[in-house]
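Please look through the sequence and the model shown here before reading on. The briefing that follows takes up strands, helices and domains in turn.

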Amino acid sequence: MLPDFRVRQRDFLLEISRAMTAQLDLGEVLRLVLNASMVMLAGQVGLVALRDAEDGYSIRATLGVESDRLDDLNVRLAELVSSTGWGFDREFLNTKLNQMAVSLDRTLRQSLFLPLVIGEEPVGLLIIFRSYWIQATDNDVQILQSFADQAAIAVHNAQLYARINQERKQLVAILEYSADGVMILDRQLRILGFNRALERMTGWTMQEALGQDQDAVITWKKLEKSDLHQAMAEGWPFRTPKDAPTETLYVEGDLLRRDGMTLSIGITYAALLADDGTLTTIIANVRDITHFRRAQEMQNVFISTVSHELKTPVALIKGYAGTLRREDATWDPAVIRDGLTVIEEESDRLTALIENLLAASKLRAERMRLDVSDFQMDRLAADVVERFKTQTTKHQFILQFPKGFPIIQGDEVRLRQVLDNLVGNAIKYSPGGGTITVGGEVDERHATVFVRDKGIGIPEDEQEHVFDRFYRVDSAISKKTKGTGLGLYLAKAIVEAHGGSIHVKSKPGAGSTFYFTIPL
Ligand code: ADP
């Protein structure tokens, strides 16, 4: 080794130790290790390779190597490692290293090879080539070894740091992009973390929310299930037995947003405790439960509507039947006929309602089967209109099909059901009367049928929901009108089973037009 090596050795070892504690950037650490060893060993060419996840090695830093040589060097390195393993047959190793040296530069004479190892774990390799040959003493070898050990630790630390950094980034991304709101609180319930979803839910930006008391941001219009402050006053987060994880706390209610609107939310609080059991942080997961609440509400409304719908015809049938069978009275044939007509009509209504219910529940379980034939849609529409005409005096009907409206291939019974529903709705939801137009349009590939009324219309934000199961627009008129919220759901299912689509255009107060399209 070079004579001044011993003078410098301590400096370099010190430098690497410092790098180990001060430098956490892996690239920087590798450059430092390589620079120090090149100077220390008076090398012309040097490289550091690190072990990767697949147990192979790849070169991560070089000095004195043209970049176009890297691929070739990596291949030679792979050969060397795979054939020597960690036994490192000296002779084989030397031959391979010499070949590597020659491939780089014919004037290189000696190669020095230092495995970087922590405990038993290989971390990487350091290889230095130089243009002359010196026999190393035992002392040199010892010092080189301790240098390699220090370098290995520095590299390992930097790798760990990079990994932790990566994991931290992933955590931040999970927090940021989570569809649920996430908030981190200290034990005084001050906000330390606040994600995007919460910005949307509360109307507070992250910058504004950070450092605030959570009560400033989470203000309840109505608190329904438990209360964080009360739970904490009662000792939450409890931890008995000692090492058991603490129980989470669930709070639910209506949040008063910053813009004055309300939002139904559920918050799950989880506590992080220090080893001595003191509370350090609370992670709060905030979920928007509006849809859930709405579904519950819809189900309740549905049950009460269906029972009402069932009760009315049953009451009528029972009333008429009871009256007609009274033995103390003799009825006029006209009265008997009228009574029986009501019984028949109400039974039909019951049957239709039960069929709708069955169809809707069956639809959830299986695909709809169609009985397809060729039929004339404009004729079907005229037929439906003819029947509805007898049920209303307030409405006028217009048929608007172009001449030569094409023959449709489809299930005539089901498509009649669609028209029945649309025309029935047009009457129901235009209590003031007006014209109802049933018409058609054609392009090369589709036939479209529309039903237009001049009724109450549907607010913009309700339009996409009216096709949902059990959905009824919450308005004074629909409260007074009988219905189950199944008609449009079934209509949509039928049209879609034909490969078509259904939609509505509507303006509150001005009327609605429902369109359905069947491919030709
Ligand atoms: P319903 O049995 O309640 O009539 P539908 O599924 O047929 O059920 O319709 C769902 C909801 O859509 C209705 O409750 C009503 O609020 C709204 N709706 C349907 N058709 C019309 C229309 N032509 N005009 C206004 N609102 C309508």
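Two strands pair if DSSP finds at least two bridges between them, and helices (H or I, at least four residues) and strands (E, at least two) are DSSP runs, numbered from the N terminus. In these terms, Leu50 stands opposite Ser58 in β2. The model is a predicted one, in which local features need pLDDT of at least 70 and side-chain atom pairs count only at pLDDT 80 or more, while totals for chains, interfaces and linings use all residues. Residues are numbered from 1 along each chain as its sequence is written, and side-chain values use heavy atoms, with hydrogens and water left out.

**The sheet**
- Four strands make up an open sheet, with antiparallel pairing and the order β2-β1-β4-β3.
- The edges are taken by β2 (57-63) and β3 (110-118), each of which has a single partner strand, so one side of each is left without a neighbour in the sheet.
- From one strand to the next the twist averages 20°, where axes are lines fitted to C-alpha atoms, for helices over the stretch in contact, and angles run from 0 to 180 degrees between N-to-C directions.
- Strand β1 (residues 45-51) runs antiparallel to β2 and is joined to β2 by six bridges.

**Helices on the sheet**
- Helix α4 (residues 90-104) packs on the sheet and touches β1, β3 and β4 (121-130), its direction making about 55° with that of β4; contact means heavy atoms within 4.5 Å.
- Helix α5 (residues 138-177) lies across β1, β3 and β4, and runs at about 55° to β3.

**Helix α2 against α5**
- Helix α2 (residues 26-41) packs with α5 at an angle of about 170°, and their axes are 9 Å apart.
- This makes α2 roughly antiparallel to α5, a term for angles over 145 degrees.
- The contact includes Leu26, Val29 and Leu30 of α2, together with Leu144, Phe147 and Ala151 of α5, among others.
- By class, this contact of α2 with α5 has 13 nonpolar, two polar and no charged residues, where Ala, Val, Leu, Ile, Met, Phe, Trp, Tyr, Cys and Pro count as nonpolar, Asp, Glu, Lys and Arg as charged, and the others, Gly among them, as polar.

**Helix α13 against α15**
- Helix α13 (residues 412-428) and helix α15 (residues 487-497) pack at about 145°, with 9 Å between their axes.
- Seven nonpolar, four polar and one charged residues form the contact of α13 with α15.

**Domains**
- The domain assignment, which is automatic or from a database, gives domain 1 (2-170), domain 2 (178-288), domain 3 (293-365) and domain 4 (373-519).
- The centres of domain 2 and domain 4, taken over C-alpha atoms, are separated by 48 Å.

Terms used: Parallel < 35°, antiparallel > 145°, perpendicular 65-115°, else oblique.
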